[in-house]
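Please have a look at the fold first, and then follow the side chains with me.

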Amino acid sequence: MIPWLETDSPFPHPSTALTEKDGAAGLLAAGADLSAGRLLYAYRNGIFPWFSDGQPILWWSTDPRMVLQVQDFKLSLSLKKRLRQVSKDPRWEVRFDTAFEDVMRACAAPRGEEHGTWISDDIVAGYCDLHKLGYAHSTEVWLDGKLVGGAYGVCIGRMFYGESMFARVTDASKIALAHLVFFLREHGVKMLDCQQETAHLASLGAKAISRTEFLRWVEHASALPAISNWTIVNKISP
């Protein structure tokens, strides 16, 4: 059993999350709200919301935790070529934070045979509030003035928590991720939280670490000074 949270309830410690033998590995609690204060407290303690339409708010703290050490980001030869092409073509532009809600809505759109999304209107509202406070950020890829790819996440101190990506043209999400990774690297962010293990993330250099190690790093990195200037880094190199 997991605890039900009221709006004034504290989170239980992440170590109390369910395990694989419970059938919902990492599930920590349910309920409460998606206020900016609640979300910030959650991220600072290695907790994130993830639930489908019709479910209560579910809070997770997975063990192990998939993370990308930014120095380990794998830039394939084909992506290097693509990035060089984009940098030389004036039809393309990469920006931060000029269409945050649009990026979230695009990430929420059904993909392939999928019909539902975990990025509900309530999720969008909560993260838009974080964006207004300067904690949530979008990386946007534009082609001929149209938004064709992007990613969004939360940055607290020098810790970045990735949430979702989308692409409307080939490689657009990878272009967004590459620019984000190089920006974070330039600003002293060493770890990007990916939350859950996938083969795709592993192919980009992400690895699983223990929750204990993850929480130890989060405590350190989130206490560092925040990034004050979110401007795209044009330098693309390994």
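Let us begin with charges: Asp89, Arg91 and Asp144 are linked in a network of salt bridges. A salt bridge here is a side-chain nitrogen of Lys or Arg within 4 Å of a carboxyl oxygen of Asp or Glu. Do keep in mind that this is a predicted model, in which local features need pLDDT of at least 70 and side-chain atom pairs count only at pLDDT 80 or more, while totals for chains, interfaces and linings use all residues. Residues are numbered from 1 along each chain as its sequence is written, and side-chain values use heavy atoms, with hydrogens and water left out.

**Salt bridges across the chain**

The structure holds eight salt bridges, and the table shows some of them.

| Pair | N to O distance | Source of the residues |
|---|---|---|
| Asp63 and Arg211 | 3.9 Å | side chains |
| Asp171 and Arg82 | 3.4 Å | closest N and O atoms |
| Arg105 and Asp121 | 2.7 Å | side chains |

Helices and strands are DSSP runs numbered from the N terminus (helices: H or I, at least four residues; strands: E, at least two). In the salt bridge of Asp63 and Arg211, Asp63 lies in the loop between strand 4 and strand 5 and Arg211 in helix 7, so this pair ties together parts that are 148 residues apart in sequence. For exposure, buried means under 20% relative accessible area, exposed over 50%, and partly exposed in between (1.4 Å probe, protein chains only). Asp63 is partly exposed, with a relative accessible area of 45%, whereas Arg211 is buried at 11%.

The salt bridge between Asp171 and Arg82 joins the loop between strand 9 and helix 5 to helix 2, so it ties together parts that are 89 residues apart in sequence. Asp171 is partly exposed, with a relative accessible area of 25%. In the salt bridge of Arg105 and Asp121, the partners sit in helix 3 (residues 100–108) and helix 4 (residues 121–132), 16 residues apart. Arg105 is partly exposed at 38% relative accessible area, and Asp121 counts as exposed at 55%.

**The two faces of helix 7**

Arg211 brings us to helix 7 (residues 211–221), whose buried residues are Arg211, Phe214, Leu215, Val218 and Ala221. They cover an arc of only 135 degrees around the axis, which puts them on the same side of helix 7; the arc is that of the directions from the helix axis to the C-beta atoms. An α-helix has 3.6 residues a turn, so residues three or four places apart point the same way. The face turned away from the buried side of helix 7 carries the exposed residues Thr212, Arg216 and Glu219. With contact meaning heavy atoms within 4.5 Å, the buried residues of helix 7 pack against several elements, including helix 1 (36–44), strand 8 (146–156) and strand 9 (159–167).

**Aromatic rings**

Which kind of pair do the rings of Tyr43 and Tyr161 form? Rings of Phe, Tyr and Trp (its six-membered ring) pair if their centres lie within 6.5 Å; planes under 30 degrees apart count as stacked, over 60 as edge-to-face and the rest as tilted. The structure holds 12 aromatic pairs. The rings of Tyr43 and Tyr161 have their centres 4.9 Å apart and their planes at 55 degrees, so this pair is tilted. The pair links distant parts of the chain, with Tyr43 in helix 1 and Tyr161 in strand 9, 118 residues apart. Tyr43 counts as buried at 0% relative accessibility, and Tyr161 counts as buried at 0% too. Phe73 and Phe182 form an edge-to-face pair, 6.3 Å centre to centre with 80 degrees between the planes. Both Phe73 and Phe182 are buried. One aromatic cluster is formed by Tyr43, Phe100, Tyr127, Tyr152 and Tyr161.

Arg95 has Glu140 as its bridge partner in strand 7.

How values were computed:
Two strands pair if DSSP finds at least two bridges between them.
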